Amino acid sequence: MKLLLIRHGQSANNALSGANHPVSSQYPDPTLTDLGRQQAETLAHAFTDGLLPRPSVLLSSPMTRAVQTASPLADELDMPIELETQAHEVGGIFQSVQGEPGSFQGASRAELADISDRLIFNEDIHDEGWYRLGSHVETPAEGQGRGKRLYRSILERYGNQDGVVALVCHEWITNYVLRAALGLSDPEGEPDPWFSLPNTSSTFIQTGLPLPGPYEGGGTAMIWWVGRFDHLPDEQVSR
């Protein structure tokens, strides 16, 4: 299987963090900024220009910023977007500071459908939203466990396919999926070292390779690149 993990474009919260605004000023499910939408369009063209491998399957986190990033890619490649609930960002959806979360359930089916008419909804996404943990804020250890489950689930569904599976998601969950592919974990779930992933950067993992010969490594998985963003012009690079 070839798995391409893509971070969403710049969100309103990314812009607030970059301007040193407090966490309490951030949104529970932020949308893309104007720059984020430009990044998403540039990303889409990178596939048709041959800079990035064309996917045969396009998955997306149901968080608004991820769906907004996946939408122009789906339009450019004329393919559906399968929503993957397990791919939401670590911590979950919360209001105000993480120690005082609210019970926001994420965008509804109708709100997500307004972003793109190419969405394939799973049974976890309802008219009132999709996030079911309420006021619970996911810990790093819980996020690590979910990253492992997400990686195993994608392997089980697509491991025998020859094409590329693209998943538009988030920086933290990408770090945990990448660690699952590498066989790395921490009892407390702390992602150390941290893989820095700029907005719309990609990470490419290939599994199921034949065992190599002596002195050429001993695994059947290859990490081709991490945090690649060379499709973006300098003025569009952000975190």
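Q: Which residues touch the most other members of the largest nonpolar core, and how many residues does this core hold?
A: In this predicted model, the largest nonpolar core has 29 residues, and I6, F47 and L58 touch the most other members. Two or more residues come from each of β1, α2, α3, β3 and β5. Helix α3 gives the most, six residues.

Q: What makes L43 and F47 contacts of I6?
A: Contact means heavy atoms within 4.5 Å. I6 is in contact with L43 and F47, and also with L73, A166, L167, V168, C169, T200, S201 and S202, leaving aside neighbours within four places in sequence.

Q: Why is T200 called buried?
A: Buried means under 20% relative accessible area. T200 has 0%, so T200 is buried. This residue lies in the loop between α6 and β6.

Q: What makes the phi of T200 worth a remark?
A: Most residues other than glycine have a negative phi. T200 is not a glycine, yet its phi is positive, about 60°.

Q: Why is D78 called exposed?
A: The word exposed is used over 50%. D78 has a relative accessible area of 59%, and therefore counts as exposed. D78 is placed in the loop between α3 and β3, and its phi is also positive, near 55°.

Q: Why does T33 count as buried?
A: The limit is under 20%. The relative accessibility of T33 is 16%, so T33 counts as buried. T33 sits in the loop between α1 (12-18) and α2 (34-48), where T33 touches Q10, S11, A12 and A15, not counting residues up to four places away in sequence.

Q: How do you know that the side chain of T33 makes a polar contact with G36?
A: The cut-off for a pair of N or O atoms is 3.5 Å. A polar atom of the T33 side chain lies 3.0 Å from the backbone nitrogen of G36.

Q: How do you know that β3 and β4 pair?
A: Pairing needs at least two bridges. Strands β3 (residues 81-83) and β4 have two bridges, in the parallel sense. Here I81 stands opposite L119 in β4.

Q: Why are β4 and β7 called edge strands?
A: The open sheet of seven strands has the order β4-β3-β2-β5-β1-β6-β7. β4 (119-120) and β7 (222-228) each pair on one side only.

Q: What makes the peptide bond between D192 and P193 a cis bond?
A: Its omega is about 0°. Most peptide bonds are trans. P193 is found in the loop between α6 (171-182) and β6 (202-206).

Terms used:
Residues numbered from 1 in each chain as written. Predicted model: local features only at pLDDT ≥ 70, side-chain atom pairs only at ≥ 80, totals over all residues. Heavy atoms only, no water. Helix = DSSP H or I, 4+ residues; strand = E, 2+ residues; numbered from the N terminus. Buried < 20%, exposed > 50% of the residue type's maximum accessible area, 1.4 Å probe, protein only. Polar contact = N/O pair within 3.5 Å; in protein donor to acceptor, adjacent residues only side chain to side chain. Core = buried A, V, L, I, M, F, W, Y, C linked by side-chain atoms within 4.5 Å.
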